[in-house]
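Please read this note with the sequence and the model open beside you.

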Amino acid sequence: MPAVSPIIREDVERIVENLKEELWEARGSRWLISGGGGFLGAYFLDLLDYCNREVFDRPCRVVCIENFISGTPARVRHLRDNAFIQIIEGDIVKPLQVTGPFDYILHAASIASPTFYRKHPIETIEANVLGLKNLLDLGRTLDVKGFLYFSTSEVYGDPLPGNIPTPEDYNGNVSCTGPRACYDESKRLGETLAVNYYRQYGLPVKVVRPFNVYGPGLKLEDRRVIPDFCRDALRGKKIAILDDGRSTRSFCYVGDAVTGFLAALLSPHRGEAFNVGSDEQEIDILSLAELIAGLVGGVEVEFVRSSEEDYLTDNPRRRCPDLTKARELLGYQPGVGLKPGLLRMLAWYREVYGEDCT
Ligand SMILES: NC(=O)c1ccc[n+]([C@@H]2O[C@H](COP(=O)([O-])OP(=O)(O)OC[C@H]3O[C@@H](n4cnc5c(N)ncnc54)[C@H](O)[C@@H]3O)[C@@H](O)[C@H]2O)c1
């Protein structure tokens with residue numbers, strides 16, 4: 001049976017080391033994870049598999065529902081014959097094929113890459129509203145200990161100056177009809193739906209707003225900016241910058257982000273949203289391209305017009321989280337810098353796609 005990538009295993013070990021006591025409480029528990037074949041969801045499957053093998057005295061059981069609209073079966077192939085992890089190919093928008101019992105429900109199913117959510121706007125809205133409602137209704141009928149909804153920093157849209165770093169109580173500057181609205185607005189309604197299941201029914205909902213997470217497992221064809229730049233560089237092509245290179249982002253290494261998501265899920269805080277990201281280094285896109293070019297070596301950068309008409313419409317100019325709330329209430333502390341994180345990601349690409357990444 002194929003094994004998990006050693007790079008991802010190292011990340012998982014670090015996450016477990018950081019959260020050992022909290023995770024111990026979850027031994028023997030039952031999990032439902034939507035979108036477990038995707039970038040973030042698959043980390044949870046690998047983490048729980050690792051805990052079953054190395055940490056827990058009683059294994060937990062995991063069911064994952066995944067329709068592979070943006071995830072790949074290859075990412076979770078090593079879990080196919082796992083006695084405690086069941087991967088069901090299905091759509092969470094349709095009536096659920098599972099009844100429980102479950103202790104934890106994680107809703108990570110949604111297309112997250114702008115190129116693909118613009119191509120599949122209705123599927124994106126449905127996953128974030130109807131799929132979420134299906135899972136909330138299931139959670140309500142069961143006595144779950146925690147329900148985690150993956151929202152996004154995009155709920156803030158393009159924050160107005162003076163609101164960066166952006167705290168959770170900033171209400172956002174979002175278009176409700178633009179080409180990104182299928183994602184931004186469905187996440188906003190998803191948050192409203194989720195917190196009201198807490199208010200009305202007491203469901204222990206926790207909402208996380210990830211800010212530009214990157215790292216091993218984010219597939220080369222994903223069409224988010226870091227995989228795009230890595231793909232060009234690893235194939236020895238000029239790195240194509242599709243905007244003026246001046247917008248900024250604060251990228252968060254996946255190991256840090258998953259630690260934050262878990263800390264939120266296992267915390268006593270309910271009906272609340274938490275930023276999860278990194279505030280260590282806000283970097284402009286040109287500098288990011290140059291950094292990746294330098295790490296790979298022997299490649300240049302160039303400015304190119306995207307073939308996608310709406311590529312830049314409503315694209316936020318700056319994005320950086322205010323992490324005060326996550327630090328104070330969750331003890332969240334991202335620790336992996338951009339350069340070491342990118343080196344881990346590049347090593348994973350070479351491991352999975354081969355040296356020339358073609
Ligand atoms: N990675 C980030 O930087 C980031 C940032 C903000 C928010 N998020 C949110 O976190 C969650 C996970 O993101 P990701 O980066 O892992 O994205 P991803 O696209 O890699 O993974 C999402 C997974 O959900 C699956 N999926 C989509 N719709 C489905 C449906 N109707 N039924 C079953 N499965 C379905 C996809 O096939 C995919 O495997 C998403 O909700 C995303 O919006 C991620």
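1. Before the details, a word on the basis. This is a predicted model, in which local features need pLDDT of at least 70 and side-chain atom pairs count only at pLDDT 80 or more, whereas totals for chains, interfaces and linings use all residues. Residues are numbered from 1 along each chain as its sequence is written. Helices (H or I, at least four residues) and strands (E, at least two) are DSSP runs, numbered from the N terminus.

2. Helix H7, residues 225-234, is mostly covered, with nine of its 10 residues buried. Here a residue is buried if 20 or more other C-beta atoms lie within 10 Å of its own, exposed if 12 or fewer, and partly exposed in between, with C-beta atoms placed from the backbone. Among the buried residues of H7 are Asp228, Arg231 and Asp232. The cover over the buried residues of H7 includes strand E7 (213-214), strand E8 (239-241), H9 and helix H11 (338-353). After H7 comes Gly236, whose phi is positive, near 75 degrees.

3. How does H7 meet H9? Two packed helices are described by the angle between their axes and the distance between the axes. The axes of H7 and helix H9 (residues 285-296) come within 10 Å and cross at roughly 40 degrees; axes are lines fitted to C-alpha atoms, for helices over the stretch in contact, and angles run from 0 to 180 degrees between N-to-C directions. H7 and H9 are therefore oblique to each other, given that angles under 35 degrees count as roughly parallel, over 145 as roughly antiparallel, 65 to 115 as roughly perpendicular and the rest as oblique. The contact involves residues including Phe229 and Cys230 of H7 and Leu288 and Ile292 of H9, where two residues are in contact if their C-beta atoms, placed from the backbone, lie within 7 Å. The residues of this contact divide into 11 nonpolar, no polar and no charged; Ala, Val, Leu, Ile, Met, Phe, Trp, Tyr, Cys and Pro count as nonpolar, Asp, Glu, Lys and Arg as charged, and the others, Gly among them, as polar.

4. Among the contacting residues are Arg9 and Val12 of H1, together with Asp46 and Tyr50 of H3. The residues of the contact of H1 with H3 divide into seven nonpolar, no polar and two charged.

5. Turning to the strands, E1 (residues 30-34) has four of its five residues buried, so it is largely enclosed by the rest of the structure. Five bridges join E1 to strand E2 (residues 61-66), and the two run parallel; strands pair if DSSP finds at least two bridges between them. Within this pair, Ile33 stands opposite Cys64 in E2.

6. Strand E11 (residues 272-276) is mostly covered, with four of its five residues buried. Strand E6 (residues 205-210) pairs with E11 in the parallel sense over five bridges, and the bridge partner of Lys206 in E11 is Glu272.

7. Leaving aside neighbours within four places in sequence, Ser175 is in contact with Gly157, Ala181 and Asp314.
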